[in-house]
Amino acid sequence: MFRVVVKNGEIVDSFYSLVKPTPNYYVWFCQEVHGLGYLDTDDADFFPEVWERLLEKVHAYFPYIEDGEVPFVAHNARFDEGCLRAVFAAYEIAYPEYEFRDTLCASRRHFGNSLGNHQLHTVSAACGYNLTNHHHALADAEACAWIAREIL
């Protein structure tokens, strides 16, 4: 689980924690992409505990904002939103209808055909950000924050 907190256009904090899935099982392809397996998350907390810690960090910077009022930014936001909705449903937690802003869609609008593709590392570079640890959740979140600051 990850989150980068942006306030007034600057990254002011970040949060990263592994989450133990239920069941603690990984598909080979996902392990290849992210480099994580069951041994990595065996001692991690489950989603509700990690989510609560994440919200505490957000509310430290935005104390008067209710849960769900701070927008999320993601590259291909439909995927991230689908995952978040699924984990909320799996734990039977009410989903507060988070607003998602999509840096992939924004990139397509902003850059059009001027980029060879609109992958996160390509768009990051076009926005002046060097994404050095692609597919690490926190690194990808920082890249999205940078892209959002530049083109959203």
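Which residues have the most contacts inside the largest nonpolar core, and how many residues does this core have?

Analyst: The structure is a predicted model, in which local features need pLDDT of at least 70 and side-chain atom pairs count only at pLDDT 80 or more, while totals for chains, interfaces and linings use all residues. Residues are numbered from 1 along each chain as its sequence is written, and side-chain values use heavy atoms, with hydrogens and water left out.

The largest nonpolar core has 18 residues, and W51, L84, F88, Y98 and F100 are those with the most contacts inside it. A nonpolar core is here a set of buried Ala, Val, Leu, Ile, Met, Phe, Trp, Tyr and Cys residues joined through side-chain atoms within 4.5 Å; buried means under 20% relative accessible area, exposed over 50% and partly exposed in between, with a 1.4 Å probe and protein chains only. Two or more residues of this core come from each of α3, β3 (72-74) and α4, and α3 gives the largest share, six residues. Helices (H or I, at least four residues) and strands (E, at least two) are DSSP runs numbered from the N terminus.

Several aromatic residues named above also belong to one aromatic cluster, formed by F47, W51, F72, F88, Y91, Y95, Y98 and F100. Across the whole structure, twelve aromatic pairs are found. One of them joins W51 and Y98 in an edge-to-face arrangement, with 5.9 Å centre to centre and 75° between the planes. This pair links distant parts of the chain: W51 lies in helix α3 (residues 47-61), and Y98 lies 47 residues away in the loop between α4 (77-90) and β4 (100-102). Both W51 and Y98 are buried. Rings of Phe, Tyr and Trp (its six-membered ring) pair if their centres lie within 6.5 Å; planes under 30 degrees apart are stacked, over 60 edge-to-face and the rest tilted.

As for F100, its contacts (heavy atoms within 4.5 Å) include F72, A74, A77, D80, E81, L84 and Y95, leaving out residues up to four places away in sequence. Apart from this core there is a second, separate one of 13 residues, which includes V123, C127, L131 and I147.

L131 and I147 are also among the contacts of S124, together with Y129 and A143, neighbours within four places in sequence being left aside. S124 is found in helix α6 (residues 120-126) and is buried, with a relative accessible area of 0%.
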